[in-house]
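Biologist: Can you put the model up on the screen? I would like to go through a few parts of it.

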Amino acid sequence: MDGVEAARNAIAASWDTDWLDEDFDWEKAFILAAFSKLAYLEVPEFELRSSKRAQVIPCDEYQARFSGWQVDQVPLQGLQSMELEWQVTVVIRRWVVVTITRLPDVLVVSFRGTTFCYQDLMADTESRLAHFPLMPGSHVHAGFLKAVLECTPEVIERLRESGSRDVPVYVTGHSLGAAMAAIFMGVMRSPNHNLPMRRRHPVLDGYSFGMPRFGDPVATLMFPAITHIYNELDPVPSLPPRMIGYSNPPREVCLSAKPDVIRWANKRKVGGAPRRRSRVAISISDHRIERYLERLQKMRGSSNLPFT
């Protein structure tokens, strides 16, 4: 299903979802994956200037829209100019696009990496671990931290302008956007940062999809535990490597192709970059947001819960 259709499906499901309950829920996972995909429909003008960079964005619908623009040269419609039945606000920076969606009982903040994010922030110099100033002793990916700190003041302002006091906030993202969502949660819930949003909303929780590692063992232990769902053959959650100081987040769910929950997945095998071309292609496909939506759609209503 396309991004708008998936979002409409998610909104319908959100009416029957208890957003104050912070326990794991497949329905929440599907809803938030749908809004992770929706963020890819906002294509900044600077992304249209390089077809080579655009190829790295892990969303089939994004690629189709970009290809259509190359042929027709007709301006792409942004989310805020679409005729949608819900309120969406967009924050755009060089490395990140953030969408803030107001649903009946929840605010959803979705992060996605831009083409510059994939080009700049995955470079060796930006993949180093940097001190996270709000939690002493913790270190996170320097590039992702830079991207989050650049957009956070405006995101907080847009949340405040929503006028939605006492409404839960859920943070989500896919791929590099997932790592930025995890760090944003760390900023918002840090006891050393007196953000007014922490007093306005009863719940701040999050689900991420296909997320690369974002911090060291101290950071992943001290940060609020975003629930990370990843596909069995997706290589991105095995990066950056643990040998340079990165750690897996503590709350992870691995899905097989069936789909089904794999309780003890070996991420080193997944990240070992299978050498046969066909298997490499499968791994890349497993990272696309559409594959996550397909599998989560099948898991909706499942009694197979990973944290029971």
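Modeller: Phenylalanine 209 stands opposite isoleucine 229 in strand E8. This is a predicted model, where local features need pLDDT of at least 70, side-chain atom pairs count only at pLDDT 80 or more, and totals for chains, interfaces and linings use all residues. Residues are numbered from 1 along each chain as its sequence is written, and side-chain values use heavy atoms, with hydrogens and water left out.

Biologist: How many bridges join E7 to E8, and how do they run?

Modeller: There are 3 bridges, and E7 and E8 run parallel. Two strands pair if DSSP finds at least two bridges between them; strands are DSSP runs (E, at least two residues) and helices are too (H or I, at least four), numbered from the N terminus.

Biologist: And what about E6 and E7?

Modeller: E6 (residues 169-174) is joined to E7 by 6 bridges, also parallel.

Biologist: Is E7 mostly covered or mostly open?

Modeller: Mostly covered: 6 of its 6 residues are buried, meaning under 20% relative accessible area, while exposed is over 50% and partly exposed is in between (1.4 Å probe, protein chains only). Leu204, Gly206 and Ser208 point one way from E7, and Asp205, Tyr207 and Phe209 the other way.

Biologist: New topic. Where is aspartate 18?

Modeller: Aspartate 18 is in the loop between helix H1 (3-14) and helix H2 (26-38).

Biologist: Buried, or partly exposed?

Modeller: Aspartate 18 is partly exposed, at a relative accessible area of 46%.

Biologist: And valine 218, where is that?

Modeller: Valine 218 is in helix H9 (residues 217-222), and is partly exposed at 33% relative accessible area.
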